Amino acid sequence: MNTMTTTPALAAPTAQAAAPHCAPAWRAPVVLLVTGMAACALMPDQLGLLTRIFITALLVLSLDLVVGVAGLATLGHAALFGMGAYAAGIFALKVHPDPLVGLAVGIAAGAGLALLSGAFLLRYQGFTFLMLTVAVSQILLSLAQKARQWTGGDDGLSGFVMGPLLGRFDFDLEGRVASVYALTVLVALFYVARRIVDSPFGLAVRGIHENRARMAALGTPVFARLWVLYTVAGAMAGAAGALSAQTNAVVGMDSLSFALSAEALVMLILGGAGRLTGALIGATVFTVLHHTAASINPYHWLFVVGALLMLVVLVSPAKAWAWLRRRAGGVR
Amino acid sequence: MSALLELKSLDKRFGGLHVTRGVSFALRAGDRMALIGPNGAGKTTLVNQISGVLTSDAGEIRLRGENVTRLSQAKRVRAGLARTFQITTLAPHFAVQRQIELALFEREGLTSGMWRSVDAYPTLQTEAQSILTRFGLRAHAATATEDLAYGEQRLIEMALALALRPKVLLLDEPMAGVPKGDGDRLLAALDALPSELAVLIIEHDMDLVFRFANRIVVLAEGAVLADGSPDEIRRDPKVRAAYLGN
């Protein structure tokens, strides 16, 4: 775990060793905020891409809580994202166009779905859990296709115009407000995720990932802890979905798709699971690569994504980093 | 003195295999009971039933007077039961001190807390360090558990169980696979267990069993073959025939 300092096991038994400690929870979010603001300032013509990166990073961050922290491999995370997206979109269309209230609705929808589905899914582990998450997302996709009057079916949900943010800032065509809005929500939820992971609750969930039998023997209510974490992750995925709906003013069926779940998992593995920052790095690298490859060749960009997938599976980031250090003449 | 742990006609079947057959015994404060028997006698199954890993098909388990037969593992731990495992069962990537802190957070009912950092509990950190000092592991506080020697990992198992401040402790083969050098540290840890604690130990090392236990239960084919003091067990012809040989 990244928040734990370790020293070699060779110290003399009588020596006083350093205690493990967590890095301050605010540090990484501040770095993210500064980096994100700098990127927005330096690339004013790429604000649309940056907004997409921020939203995708939030989805992958949420996935990291489930996969990297709790150790539950899922291929149905898009269900939580799509639920938030449709909830925010429908709310804007039928009830009120305020973005922050819509964001809260998206968060509640994602959390609600995670709470309901988690009550059933989390009784299983391994492949059974994995396949059931796929099943839940496919059921939701099917329901969204049937409920055309609410979701727009295969044509997507559109026709809603978001109101100004905080009653003052209109969403502009250049995407300035959208990018700052998405970055702010990402930073805030990244901070929340850091606090959770470094808390006794987070320690217990990481313990469950490491060894379920040990945690049960310590008296941890394993199911309850995982259920709460899954609900929190659902809230974050719902927030990402709501941001996507609000900044694009359209919600498509792809927001519930298996492909989105799989891509998010690839991004997480690419950046490194379980460290939270890896989710942000993976989402950024993947989205930029996707964008660049698609602009060079709009018909065959999937080859690049496929090659990246193979690379990620065959070469772990740790091994790649060690190889780079060796090439640079560093530690062998 | 009333029993801290009481088993009444405990039964367990796996399909056609009857692995626990009407087992009954009781443990009082300060008892040092050894559960012995040949491989396959059902010792670990019985410990798993007592700790709640396995549910019992029939019979009753009482912990400090409370019927815990249908309670979850977590609730049994809260009622005062702790255990170690035959095969080391730890969080391998956790720093050693974190591992102990985790047990302390559970004992204090703090693992539902989602906002305060684990570093914001100095009293528990100090307690974790003092437990590590007691077990001679203070120098490894920040070391990843998987980097420790096997014997030291067995010590952590015991330290975790004791960090929960149990009333009843189940030790499932604490010396299994431990090299001779590390064995002395484990023996010292066993000798230093709180005197008021009721301990049930499964162990194949007969020298240790007869040195440590003041009472021995012999299990054969899932049933209690004999129950008595070490001397009574030594002299019991049934035990000699079934287990100890000549």
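Predicted model: local features only at pLDDT ≥ 70, side-chain atom pairs only at ≥ 80, totals over all residues.
1. **The six-stranded sheet of chain B.** Start with the open sheet whose strand order is β6-β7-β8-β3-β9-β10 in chain B; it has six strands and mixed pairing. At its edges you'll find β6 (81-83) and β10 (223-228) of chain B, and each has a single partner strand, so one side of each has no neighbour in the sheet. On average, neighbouring strands here are turned by 20° against each other, if you ignore direction.

2. **The parallel part.** In this sheet β8(B) has a parallel partner in β7(B), with five bridges joining the two. Here V168(B) sits opposite A198(B) of β8(B). Strand β3 (residues 32-36) of chain B also pairs with β8 (residues 198-202) of chain B in the parallel sense, over four bridges.

3. **Is β8(B) buried or exposed?** Five of its five residues are buried, so β8(B) is largely enclosed by the rest of the structure. Both faces of the strand take part: A198(B), L200(B) and I202(B) point one way, V199(B) and I201(B) point the other way, and all are buried.

4. A220(B) has A223(B) of β10(B) as its bridge partner. Two residues lie between the strands of this hairpin, and E221(B) takes a positive phi near 50° there.

5. **The four-stranded sheet of chain B.** There is also an open sheet of four strands in chain B, with the order β2-β1-β4-β5 and antiparallel pairing. Its edge strands, each pairing on one side only, are β2 (17-27) and β5 (66-67) of chain B. Strand β1 (residues 5-14) of chain B runs antiparallel to β2(B), and seven bridges join them. Look for F14(B), which stands opposite L17(B) of β2(B).

6. **One helix, two sheets.** Which strands of the four-stranded sheet does α1(B) touch? They are β1, β2 and β4 (58-63) of chain B, and the direction of α1(B) makes about 60° with that of β2(B). Helix α1 (residues 43-51) of chain B also lies across β3, β6, β7 (168-172), β8 and β9 (215-220) of chain B, and it runs at about 150° to β7(B).

7. **Helix α5 of chain A.** Over in chain A, α5 (residues 126-146) has 21 residues, which at 1.5 Å a residue should span 30 Å; the C-alpha atoms at its ends are 31 Å apart, in agreement with that. Its buried residues include T133(A), V136(A), S137(A), L140(A) and A144(A). These cover an arc of only 90° around the axis, which puts them on the same side of α5(A). What do the buried residues of α5(A) pack against? Their partners are α3 (78-94), α4 (99-121), α6 (148-151) and α11 (258-271) of chain A.

8. **Where the chains meet.** On the chain B side, 43 residues are in contact with 39 residues of chain A. The elements giving two or more residues to that side are α2 (73-78), α3 (96-107) and α4 (122-134) of chain B. Of these, α3(B) gives the largest share, six residues. Sorted by class, the chain B side has 21 nonpolar, 14 polar and eight charged residues.

9. **A residue to look at: F201(A).** You'll find F201(A) in helix α8 (residues 200-210) of chain A. It counts as buried because it has 24 C-beta neighbours inside 10 Å. Leaving out residues up to four places away in sequence, F201(A) touches I196(A) and R225(A), as well as T111(B), S112(B), G113(B) and M114(B). L229(A) is 28 residues from F201(A) in sequence, with 8.9 Å between their C-alpha atoms.

Terms used
Residues numbered from 1 in each chain as written. Chains lettered and ligands numbered in written order. Contact = placed C-beta atoms within 7 Å. Nonpolar A, V, L, I, M, F, W, Y, C, P; charged D, E, K, R; others polar. Pairing = 2+ DSSP bridges. Axes fitted to C-alpha atoms, helices over the stretch in contact; angles between N-to-C directions. Expected span 1.5 Å × (residues − 1). Buried ≥ 20, exposed ≤ 12 C-beta atoms within 10 Å, placed from the backbone. Arc of directions from axis to C-beta.
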